[in-house]
Amino acid sequence: MIRLNEEGLGCKVSTQDIERSLAQHPSLMESCWAGTPHGTDWLGWLSVDQWAGPQELARIHALADRLRKKTDTLVLIGVGGSNNAARAVLSALGPADPCHRVVYAGNTLSAWTLRKLLESLEGHEVALFCVAKNFRTLEPGSSFRLLRQHLVSQIGKRAAAERIVCNGTPGSDLERLCSDEGYTFTTFPPNVGGRYTALTATHLLPLAYAGIDIDALVKGARAEESELRRLPDHTNPALRYAHLRSLAGRSGLTIELLASFEPRLADFGLWWQQLFGESEGKQGRGLFPACARYSEELHSLGQYVQDGTHQLMETFLDIAEPGPDDHLVLGTSDVADGFGYLDGADFWDINKTSFRAVLKAHASVLPCATIEIGRLDEQHMGALFYFFMLSCYCSAELLGVDPFDQPGVEAYKQLMHHALGRVE
Ligand code: PA5
């Protein structure tokens with residue numbers, strides 16, 4: 001379902017280099033499926049059905065339906081792996097249901113943003129979904145308190161309790177709080193790290209609330225899993241992409257730019273950025289993951305990409321087939337505006353043609369690859385999540401780092417907590 005198009009390779013990394021690298025690591029894919037050498041405790045996402053099987057999906061639907069009956073707004077309180085995937089899908093495919101919206105908190109400490117959020121809740125029937133694996137993170141912890149106090153002030157303690165759902169680790173302070181206050185507690189998958197939870201209740205619940213077809217999303221991920229398990233190494237696109245990244249790093253490049261000509265994928269880029277940044281950026285290694293929104297940022301970053309320091313590889317994310325709203329024809333003009341060459345052209349085609357021209361230009365100076373999805377819909381989004389998570393796992397193993405820890409995050413967290421007076 002997901003294709004890797006390597007036609008933009010040649011500079012610094014070639015298709016032949018990928019073949020050689022595959023031959024040098026003949027057992028990598030097999031050992032990743034088996035869960036070695038890293039992550040035996042963190043591979044709950046590797047089999048989609050482990051956390052998104054039929055029973056779990058039925059449970060998620062039931063909980064989402066209960067919240068949907070009483071409310072029109074779900075505040076998703078979470079940061080990083082605890083909100084990025086749901087936000088990526090909602091930006092790409094939403095709004096699916098105008099009567100049930102998801103808004104975000106727990107990802108900022110900005111008083112202004114939080115004030116605006118509270119104002120935006122006025123006149124709405126609100127539910128809260130607090131996702132916090134260990135309930136130690138400052139942003140979701142502080143936002144959750146703010147929002148539950150706000151909700152209680154609006155509808156009282158008992159009614160608020162019926163609208164508060166949490167997702168956390170059993171035995172955590174969050175579970176204790178839920179049991180003391182009568183909130184619904186759901187389990188954050190103990191064998192899945194935050195940034196690998198895209199296909200679990202952590203994200204599927206807010207998506208179901210917003211009317212996204214989570215069954216289709218999971219179906220797409222499951223189909224991608226079977227495909228990637230079945231394919232031999234040399235035609236496995238997730239594995240080839242991992243080798244491409246590894247070769248780019250070894251050839252001295254330091255940045256991977258994920259670029260798309262579809263702005264609806266900008267939040268998907270943020271999910272991708274966290275996945276690769278937190279999984280690989282350790283021990284002084286890893287490509288720095290950056291995102292670009294084209295064509296707009298061709299007018300800012302474009303100059304640098306083409307002509308700046310030679311430290312980039314570029315991965316384009318491309319949608320092959322247009323959806324029902326993806327056509328818009330530009331009419332002819334009764335004044336001479338200099339754009340007569342666009343008379344009657346469809347923006348879909350203008351955008352595609354521009355993409356191909358840019359690919360050609362960039363590929364002349366840096367390694368470019370394209371990850372293609374058939375359509376922008378639930379099934380393909382599910383497939384994309386699975387594709388990148390598997391690729392990231394393989395890529396980190398090639399790099400020689402543990403894809404499932406994040407030791408660097410602890411340093412700033414400790415200083416932040418200390419500065420704010422937290423007693424450990
Ligand atoms: O991938 C990870 O594990 C992290 O980025 C977490 O998702 C993020 O820090 C949020 O953590 P928590 O859910 O504990 O607040």
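**View 1. Gln-283 is an exposed residue at 55% relative accessibility.** Exposed means over 50% relative accessible area, buried under 20%, and partly exposed in between (1.4 Å probe, protein chains only). Gln-283 sits in the loop between α13 (266-280) and β8. Helices (H or I, at least four residues) and strands (E, at least two) are DSSP runs, numbered from the N terminus. The phi of Gln-283 is positive, about 55°, although Gln-283 is not a glycine.

This is a predicted model: local features need pLDDT of at least 70, and side-chain atom pairs count only at pLDDT 80 or more, while totals for chains, interfaces and linings use all residues. Residues are numbered from 1 along each chain as its sequence is written, and side-chain values use heavy atoms, with hydrogens and water left out.

**View 2. Phe-135 has a positive phi.** Its value is near 55°, in a residue other than glycine. Phe-135 belongs to the loop between β4 (126-132) and α7 (138-155).

**View 3. His-243 is buried in the model.** Its relative accessible area is 0%. His-243 is part of helix α12 (residues 237-250). The side chain of His-243 makes a polar contact with the side chain of Ser-21, at 2.7 Å. A polar contact is a pair of N or O atoms within 3.5 Å; within protein, one must be able to donate a hydrogen and the other to accept it, and residues adjacent in sequence count only if both atoms are side-chain atoms. Leaving aside residues up to four places away in sequence, His-243 touches Ile-18, Ser-21, Leu-22, His-25, Leu-28 and Leu-398. Touching here is contact: heavy atoms within 4.5 Å.

**View 4. The ligand is surrounded by 13 residues.** The closest are Ser-82, Lys-133, Thr-137, Gln-274 and Glu-278. A backbone N or O atom of Gly-81 lies 3.1 Å from a ligand oxygen atom. For Arg-195, a polar backbone atom is 2.9 Å from an oxygen atom of the ligand. Gln-274 places a polar side-chain atom 2.6 Å from an oxygen atom of the ligand. Taken alone, the ligand exposes 380 Å², and the protein buries 87% of that. These areas come from the Shrake-Rupley method with a 1.4 Å probe.

**View 5. A cis peptide bond joins Gly-94 and Pro-95.** Its omega is about -10°. Pro-95 lies in the loop between α5 (84-93) and β3 (101-105).

**View 6. The peptide bond from Tyr-294 to Ser-295 is cis.** Here omega is near 10°. Ser-295 is in the loop between β8 (288-293) and α14 (301-307).

Key:
Near = heavy atom within 4 Å.
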